[in-house]
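Please consult the sequence and structure shown here.

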Amino acid sequence: MVVGVVFSEAGSVLIEVAELQRRVVQFDSYFAPGAIVLADSDWRQDDRLHVVGVAELLDRQGSRTIRVRGEIDGQVAGPCARCLELVSEQVHEKFDLYYYPMAMIARSEEIRIERDDTDIGFYEERGLELGDVVREQLLLWLPMRALCDENCQGFCPTCGNIRGSAECRCQKNLVDPRWDTLRHVRSKLKS
Ligand SMILES: [Zn+2]
Ligand SMILES: [Zn+2]
């Protein structure tokens, strides 16, 4: 089996159908920081991402399907859900995906896509952009709620600074409102 290797420091690695027709393509790519734009999310790729894997062409239901398998390693950064401080998260994600030709969408009523293929997408005529695959996987992976620290106190409702920070001096005066009733009872007993 002949194998082609693609190295990339930029954001673009096109896995071409023409090449896949000749051989299985192995890729080993680095995406420079910011090369993968995580649009519609508060996250960004702030470190180099390493993507290794293999792409092959399969004939499924008369369609040239690209199966792409691999692993993403790197780091992304996004805001803490409580204080908006930037949080870095390590990514170690495996993927195994099937991409059908875009032209198949038009015929999708005739061809029933196999039910088991939950991880499917579509590729343009020339081939599959690895950067797009990585972006989709990262967007799926992104944590719903990241915290800079499990004990992050978030913003102080009184002064607007981070609670517990040097700027916030309200801490001592803040009393849990749940104690209010008890205090009320106590003061009544005293009087
Ligand atoms: Zn935080
Ligand atoms: Zn405060």
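The sections below take up these topics in turn.

## Basis of the report

This is a predicted model, in which local features need pLDDT of at least 70 and side-chain atom pairs count only at pLDDT 80 or more, while totals for chains, interfaces and linings use all residues. Residues are numbered from 1 along each chain as its sequence is written, and chains are lettered from A and ligands numbered from 1 in the order in which they are written.

## Strand pairing

Helices (H or I, at least four residues) and strands (E, at least two) are DSSP runs numbered from the N terminus; two strands pair if DSSP finds at least two bridges between them. Strands β4 (residues 49–60) and β5 (residues 63–79) run antiparallel and are joined by 11 bridges. Within this pairing, Glu-56 has Arg-67 of β5 as its bridge partner.

β5 also pairs with β6 (residues 86–101), in the antiparallel sense, over 14 bridges. Here Gly-74 is bridged to Val-91 in β6. Six residues lie between β5 and β6 in this hairpin, and Leu-84 in the turn has a positive phi of about 70°.

## Nonpolar core

A nonpolar core is a set of buried Ala, Val, Leu, Ile, Met, Phe, Trp, Tyr and Cys residues joined through C-beta atoms within 7 Å; buried denotes 20 or more other C-beta atoms within 10 Å of the residue's own, with C-beta atoms placed from the backbone. The largest such core has 25 residues, and those with the most contacts inside it are Ile-15, Ala-55, Ile-66, Leu-128, Leu-130 and Val-134. At least two core residues come from each of β3 (24–31), β4, β5, β6 and α2 (130–141).

Contact requires C-beta atoms, placed from the backbone, within 7 Å. Leaving aside residues up to four places away in sequence, Ile-15 touches partners including Val-25, Ala-55, Ile-66 and Leu-128.

## Glu-124

Glu-124 lies in the loop between β7 (120–123) and β8 (127–129). Glu-124 is partly exposed because 14 other C-beta atoms lie within 10 Å, a count between the limits for buried (20 or more) and exposed (12 or fewer).

How values were computed
Contact = placed C-beta atoms within 7 Å.
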